[in-house]
Amino acid sequence: MSDDAPTPRTPRAEVRERLLVAGAAVFAEQGVYGARLDDVAARAGFSKGAVYSNFSSKEDLLAQVMQRSTNVVLASLQELVHADVAAADLGDVVRAAFGRHDQGEQFALLSAFRGYAVRHPEFLPEFVRQRRALQDGVLGLVRMWFDAHPEVDAGLSPEMLASALIAVNVGLVFDTPAFPGVDPGEVVAALVEAVVRPR
């Protein structure tokens, strides 16, 4: 191959994915206000122009980074939580799902996202939309599993259980510095085990 041969172009989908991963890291480390698109581009190995050719603004990048984070969490749960999972195994399945992603970075992102939405009301609907999408995804899994297991009862509605699971996880990750050694995934799994009772 000649030294003059052109360097192959990185596929657009790969460029976008690398920018999303880099954006997640930069937003988690620096917050929305501190994050610079130059830093995102550099971390992904591209020029700033690559950011603007894939995202219309910093806010668009932030929204897409959060969407990707939500999708990763839901995909992990959906891959592991199936109707045929036995009640005795459900807690271990939840533990495995939580062990697949970095809760620290995810919460730092969520905090940056929420803080930005509070200060920019025009951005709040996007925050609400994504959090509801997560809620709906978890609720769908809760309903699917309990519908397939009429022999057990959670003692509360699927909607309330889904909300409780999300709230417990977010609260524990938020308070991680105050509770060293407490694994949010372990607590959520224990909560699932506690509420799954024979009728």
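Trainee: Why do the side chains of Arg143 and Glu159 count as a salt bridge?

Mentor: They meet at 2.3 Å, N to O. A salt bridge is a side-chain nitrogen of Lys or Arg within 4 Å of a carboxyl oxygen of Asp or Glu, so this pair qualifies. The two ends sit in distant parts of the chain, 16 residues apart: Arg143 in helix H7 (residues 124-148) and Glu159 in helix H8 (residues 158-174). Helices here are DSSP runs of H or I with at least four residues, strands are E runs of at least two, and both are numbered from the N terminus.

Trainee: What should I keep in mind about the model itself?

Mentor: It's a predicted model, where local features need pLDDT of at least 70 and side-chain atom pairs count only at pLDDT 80 or more, while totals for chains, interfaces and linings use all residues. Numbering runs from 1 along each chain as its sequence is written, and side-chain values use heavy atoms, with hydrogens and water left out.

Trainee: How confident is the predictor, going by the mean pLDDT of the protein?

Mentor: pLDDT is the predictor's confidence in each residue, from 0 to 100. The protein's mean is 89, and 96% of its residues reach 70 or more. Among the elements, H2 has the highest mean (95) and S2 the lowest (84).

Trainee: Back to that first pair. Why is Arg143 called partly exposed?

Mentor: Buried means under 20% relative accessible area, exposed means over 50%, and partly exposed is in between (1.4 Å probe, protein chains only). Arg143 has 38%, so it lands in the middle class.

Trainee: What makes Arg199 and Asp153 a salt bridge?

Mentor: Their closest N and O atoms are 3.9 Å apart, so they fall within the 4 Å cut-off. This pair also links distant parts of the chain, with Arg199 in the segment after S2 and Asp153 in strand S1 (residues 152-153), 46 residues apart. At 67%, Arg199 is over the 50% limit and therefore exposed, whereas Asp153, at 31%, is partly exposed. By this rule the count comes to eleven salt bridges.

Trainee: Is Val196 buried or exposed, and how do you know?

Mentor: Its relative accessibility is 14%, under 20%, so Val196 is buried. Val196 is in the loop between H9 and strand S2 (197-198). Its C-alpha is 5.9 Å from that of Asp153, though the two are 43 residues apart along the chain. Contact means heavy atoms within 4.5 Å; leaving out residues up to four places away in sequence, Val196 touches Ala87, Leu90, Trp145, Phe146, Val152 and Asp153.

Trainee: And what puts Ala117 in the buried class?

Mentor: Ala117 has 1% relative accessibility, so it is under the 20% cut-off. Ala117 lies in helix H6, and beyond its neighbours within four places in sequence it contacts Phe123, Leu124 and Phe127. Ala117 and Phe127 are ten residues apart in sequence, and their C-alpha atoms are 6.6 Å apart.

Trainee: Which residues touch the most other members of the largest nonpolar core?

Mentor: A nonpolar core is a set of buried Ala, Val, Leu, Ile, Met, Phe, Trp, Tyr and Cys residues joined through side-chain atoms within 4.5 Å. The largest has 32 residues, and Leu19, Phe27, Val51, Leu61, Leu62, Val65 and Phe123 touch the most other members. H1 gives the largest share of this core, eight residues. A second, separate core has 28 residues, including Val93, Phe98, Phe146 and Ala189.
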